[in-house]
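Me: Please examine the structure shown below and answer some questions on it.

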Amino acid sequence: MYPYPTERHDQAERLINKKTGEKEDKQQDTILMENDFIETLKEHELKSIEMQNEVDSLTEEKERLLGSLVDSERQIMLWEKKIQLAKETRNTVDTEYGQGELKAMKCEIHRMQVRYNQLMRQQELLIQEMEKAVSRRETITVRVMPK
């Protein structure tokens with residue numbers, strides 16, 4: 001064809017060069033965008049891994065707290081049983097304390113009854129002695145009078 005470039009040929013070549021430049025620019029832009037996306041994806045993956053680690057840590061913490069809660073509930077139940085036993089013991093001791101006073105009073109009443117019986121026997125003896133004395137006096141009076 002034409003050994004020398006023509007104006008059309010120059011235009012076509014410029015257009016080809018322009019399009020090639022645009023293509024290279026677009027490829028560069030695509031590579032840059034791809035690198036940005038890869039970088040962003042890596043950042044998101046790291047955040048995802050960190051979040052997963054945090055979820056795992058929180059899950060372990062939750063399990064530990066649940067175990068602690070169960071232990072605390074068990075301790076509460078044990079303390080409630082101890083409190084109930086203490087109340088029952090106090091009621092029993094209070095009842096026994098009143099019983100102690102009652103027993104002391106019964107002992108005092110018994111002692112007084114024994115003393116009363118002793119006094120009644122002494123009174124009976126004194127009455128008998130007085131009756132004997134009166135009888136002797138009457139006997140003496142009867143002997144002395146007829147004479």
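Me: Is valine 93 buried, partly exposed or exposed?

Reply: The model is predicted, so local features need pLDDT of at least 70 and side-chain atom pairs pLDDT 80 or more, whereas totals for chains, interfaces and linings use all residues. Residues are numbered from 1 along each chain as its sequence is written, and side-chain values use heavy atoms, without hydrogens and water. Buried means under 20% relative accessible area and exposed over 50%, with partly exposed in between (1.4 Å probe, protein chains only). Because its relative accessibility is 45%, valine 93 counts as partly exposed.

Me: In which helix is valine 93 found?

Reply: Helices are DSSP runs of H or I with at least four residues, and strands are runs of E with at least two, numbered from the N terminus. The chain has one helix and zero strands. Valine 93 belongs to helix H1.

Me: What separates the C-alpha atoms of valine 93 and asparagine 117?

Reply: Along the chain, these two residues are 24 residues apart. Their C-alpha atoms are separated by 36 Å.

Me: Which residues does the helix that holds threonine 139 span?

Reply: Threonine 139 counts as partly exposed because its relative accessibility is 35%. Its C-alpha atom is separated by 126 Å from that of asparagine 53, 86 residues apart along the chain. The helix holding threonine 139 is H1, residues 7–144.

Me: What radius of gyration does the chain have?

Reply: The C-alpha atoms fill a box of roughly 210 × 15 × 10 Å along the principal axes. The radius is taken over C-alpha atoms, and the globule rule is 2.2 Å times the number of residues to the power 0.38. A compact globule of 147 residues would have a value near 15 Å, but the chain has 62 Å.

Me: What percentage of the chain's residues is buried?

Reply: The chain has 147 residues in this count. Buried residues make up 0%.
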